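User: I'd like to learn how to read a protein model. Could you walk me through some features?
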Amino acid sequence: MKVGVLALQGDFAEHLSMLRRIGVEGVEVRLPEELETVQALIIPGGESTTIGKLAVDFGLLEPLRAFGRERPIWGTCAGAIFLSKDAHRQQPLLELMDITVQRNAFGRQVDSFEADLDVKPLKQATGTSEPYHAVFIRAPIIESVRGSAEVLATLPDGRIVAAQQGHLLATSFHPELTDDLRFHQYFVSLIS
Amino acid sequence: MQEQKGTFAVKKGLAQMLKGGVIMDVVTPEQAKIAEEAGAVAVMALERVPADIRAQGGVARMSDPELILKIMDAVSIPVMAKVRIGHFVEAQILEAIGVDYIDESEVLTPADEEHHINKHEFSVPFVCGARNLGEALRRIGEGAAMIRTKGEAGTGDVVEAVRHARAVLGEIRRLQNTPDEELMTYAKNIGAPYELVKQVKELGRLPVVNFAAGGIATPADAALMMQLGVDGVFVGSGIFKSGDPARRAAAIVKAVTHYNNPSILAEVSRNLGEPMVGINVSAMDDSERIAGRGW
């Protein structure tokens, strides 16, 4: 099994390192033909405007949409924005998940934060009870989920920070910046 | 648990999000929009690019907060701004207006010729320039959450950025083969904190993101720095002092993504118009060089 990490821009090396630690082969994906060799894809954190523009410039938009209709994709932060149907502004999106996101929803960098989350499906899937310590960097929130998209985690005040729609996963935060391997294990469990 | 802000993880984390990207110097909100449109991951808000600071001389200070705020309003990507080395009040001002990253920069005229800012005291993260591993680790010891090569800003000559990247990355490679009992003396000799020297040996890289800066003017320059092993690039005067800034900016963004793909590099390097007029660093007087600022 090979998991691709979209390597147009962002912290793709951190995702590849997490995959290595859970014993899964990860490969960098920059061009459409590189998508053909992987069973699932992670879209990393970064700047969503940059990632979107490069995806358009190198003909990745349609191949990524086709990939996501069949196979698992997980977007972290910028990746979650890129997966969404609506980000309240004109920028290229994959429009795969029935979620609306608000970019930089917590403010600027001085408002970036760490917080513990209670992610029940994650605990069930990994048989653990510890809270999930999440890192939010100029993070988006998921304003609303529709259709078959479901809320996976919220902050204590109810704002949505993780959602799942079948084999598609979106998190506002960055599991790749922690030592907690559970989210990567959870994503890999979605690959059938 | 309460939300924790301003931790080292979130400071270093923003730099990790900028990896594989290009940070561009801009002097107006219009330039900032051109940079964002071209795919910049962040902009550096300035009153003058380094080439003009060099040409005009005088004391170079922090930019007017009004200009920085206008640039912050114009774009959705992170906005950085520069303070003078050691000028912690300029840094307090930039933190108060909410810039996303502060560059404690040798490009501006230093305010303190012995000490840098204690960057641990701030919630906003800092990037600092370095010419070698000792200098990089001193800055990280003071709290910098991101490092860049100094290069020689405002020249369009990549030679110093190459020198500094090779110095830092080469010293890290040699450190891998240094036995543990030699690390204390090594730390003393390069003037770096011992704990950080140990950490770099274990990690095989700096513990924070490491960009190239100072003299990058073409897509090939940017890809050269990426192949040498940096995490991303700053382009200062190289874009808006060139003939066709929008086109050159977009080309450099593509070159950083596909830095290992010569056929894409060839494609994006075509028809970019005039590059910035450069200054050959080897023909400069020592007094004109700014990379020596920093202690």
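User: Is B:Ser123 buried, partly exposed or exposed?

Analyst: Before that, keep in mind that this is a predicted model. Now to the general idea: under 20% relative accessible area is buried, over 50% is exposed, and anything in between is partly exposed. B:Ser123 has 33% relative accessibility, so it counts as partly exposed.

User: Where does B:Ser123 sit in chain B, and what is it in contact with?

Analyst: Look in the loop between β5 (101-105) and β6 (126-130) of chain B. Setting aside neighbours within four places in sequence, B:Ser123 is in contact with B:Gly6, B:Lys11 and B:Glu95, plus A:Val110 from chain A. Also check B:Phe8: it is 115 residues away along the chain, yet the two C-alpha atoms are separated by 8.7 Å.

User: How many salt bridges does the structure hold?

Analyst: Over all chains there are 34 salt bridges. To read one, find the two side chains and look at the N to O distance. For B:Arg148 and B:Glu106 that distance is 3.0 Å. B:Arg148 belongs to strand β7 (residues 146-149) and B:Glu106 to the loop between β5 and β6, so this pair ties together parts of chain B that are 42 residues apart in sequence.

User: Are B:Arg148 and B:Glu106 buried or exposed?

Analyst: B:Arg148 is buried because its relative accessible area is 4%, and B:Glu106 is buried too, at 3%. They also belong to a network of salt bridges that links them with B:Lys82 and B:Asp103.

User: What is the sequence spacing between A:Glu62 and A:Arg65?

Analyst: They are three residues apart in helix α3 (residues 61-70) of chain A, which means about one helical turn separates them.

User: Which residues make the nonpolar surface patch of about 250 Å²?

Analyst: That patch is made by B:Phe88, B:Val89 and B:Ile93. B:Val89 lies in helix α5 (residues 88-97) of chain B and is partly exposed, with a relative accessible area of 37%.

User: What is the mean pLDDT of chain B?

Analyst: Here's the general idea first: where pLDDT is low, the predicted coordinates should not be read in detail. Chain B has a mean pLDDT of 96, and 100% of its residues reach 70 or more. For the complex, the predictor gives an ipTM of 0.97 and a pTM of 0.97.

Notes:
Residues numbered from 1 in each chain as written. Chains lettered and ligands numbered in written order. Predicted model: local features only at pLDDT ≥ 70, side-chain atom pairs only at ≥ 80, totals over all residues. Heavy atoms only, no water. pLDDT = per-residue confidence, 0-100. Patch = residues over 30% accessible without salt bridge, like charges linked within 9 Å, V, L, I, M, F, W, Y side chains within 5 Å. Areas by Shrake-Rupley, 256 points an atom, 1.4 Å probe, with all protein chains shown as cover. Salt bridge = Lys/Arg side-chain N within 4 Å of Asp/Glu carboxyl O. Helix = DSSP H or I, 4+ residues; strand = E, 2+ residues; numbered from the N terminus. Buried < 20%, exposed > 50% of the residue type's maximum accessible area, 1.4 Å probe, protein only. Contact = heavy atoms within 4.5 Å.
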